[in-house]
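Please work through the exercises below with the structure in view, and try each task before reading its solution.

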Amino acid sequence: MTEAVDILFINPGDRRQTYQSLGDEFCGIEPPVFAGLYATHARRRGLSVAIYDAPAMFASAEEAARVATEEYDATLIVIVVFGLQPSASTQNMTSAGRIARLIREARPSARLLMVGTHPAALPERTMREEAVDFVCDREGPVTIVRTAEALRAGASDFSHVPSLWWRREGREGQIVPPTSVEPLIRDLDGEMPGIAWDLLPMDRYRAHNWHCFDHIGERTPYAAIHTSLGCPYHCKFCCINAPFSKPSYRMWTPETVVAEIDHLVHTYGVRNIKFVDEMFVLNRRHVLGICDLLRQRNHGLNIWAYARVDTVEDDVLESLKAAGVNWLCLGIESGSETVRDGAAKVYSNADIIDVVRRIQRVGIRVAANFIFGLPDDTMARMEETLALALDLNCEFANFYSAMAYPGSALYDAAVAEGAILPARWHDYSQHGFECLPLANRHCTSAEILAFRDRAWLTYFTSPRYLEMIENTFGSAVVEHVRRMTAIPLPRKLTPAAA
């Protein structure tokens, strides 16, 4: 028996395709935060909704399509294409596209809409390439609800729906661009006050391994929430602002954020929490307001969040630690000031070292992000980045290859220059077998990827790092890290280095 709903939200993704064997134990299983926010917004407009989270259910595209067509009778099916981090939307497009095609084959009358960072960056291309009726090229909530309402009313013309791409005469007809733009939601507390957690398989979510180094065997239950939307910065490699059309920054009030955390703690027993915001440690009043309320509750939380090297103040760090923020993730990107300047991040190595040490002095761990192969990178400059990472010896580090993600300035430049880009969307996955980084004028894609993989292994097998991990977290975490580094990560591009 099928359940009739106005909107079925599907979170796509293929964990094996994205992470290879690393996805089995080491990476997190994240709740689909945007699908959950969209569901809340639609409910507040009186619509009935459901969510199917394919990665959390370890479901294939075939199973996701079966559930969508056999278990639900939805007026509108919305495939929500985001990812575990802001730049991960594109790598999920292969899964999203396959799910859409299989739904179309099983139920030709189904009406499908795609929304997310990648569809917003390439709306017309998405309409041409994917088996969907609609694409949203902005934030999503208003467009989704207006589309569902129009379908319920039997509409065949959707020109009144803001930020909606659609086909005029069936699926082979003319693609019609939007005639108006969806406004960004300003009243986040009133329009989307949290995620529709009751629609999600809460027992399936798992924190990233490093997030729980203090209690490596207790990675569930887990949740991820937004306290703000957008980012005011212009990093050339980042695509986060594609759905918002411009750098922007809007916040939920501390009271709404903490009310959602209270619900997660009391209803689901959640203690491990990620703040998904691209930049949480930014607005001092916002951060301190949340910290003050959390400190009053003493929930015993284990939170991680993003910060910038140039946004961290000592008194804020103390408040963060008292509130249960045990990890901050810093986008260091490169050990070369020339490369960082080209990526629109202007601070010195001395600034980076100072900030990392100040964070660690208050008892907060640091997860440092590094990127190899940015436009001004050379082999020597990538060596500088690895040297800085080893010198910092942070409690965790993420090593990425530069990718021209659709929606980023790097992508626009790559297209204009005729650069070689991945042939398939999942080849944008950093850990995928067919990962293809963006070459630059100094290094080939293969050189960049081989360096990235060597740097990762060098860091996590460093005796100094393992000694620090044992002294800080104990021998069980050292063994966990050793199991992680023992898993091969085969690469098509660099088979000799795999």
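Two exercises follow, each with a worked solution.

This is a predicted model, in which local features need pLDDT of at least 70 and side-chain atom pairs count only at pLDDT 80 or more, while totals for chains, interfaces and linings use all residues. Residues are numbered from 1 along each chain as its sequence is written, and side-chain values use heavy atoms, with hydrogens and water left out.

**Exercise 1.** Find which residues of helix 15 are buried, and explain how they are placed around the axis.

Solution. Begin with helix 15 (residues 409–417), helices being DSSP runs of H or I with at least four residues, numbered from the N terminus. Its buried residues are Leu410, Tyr411 and Ala414, where buried means under 20% relative accessible area and exposed over 50%, with a 1.4 Å probe and protein chains only. These residues lie on the same side of helix 15 because they cover an arc of only 100° around the axis, the arc being that of the directions from the helix axis to the C-beta atoms. Next, look at the face turned away from the buried side, which carries the exposed residues Asp412 and Ala416. The buried residues pack against helix 6 (123–129), contact meaning heavy atoms within 4.5 Å.

Note on methods
Helix = DSSP H or I, 4+ residues; strand = E, 2+ residues; numbered from the N terminus.
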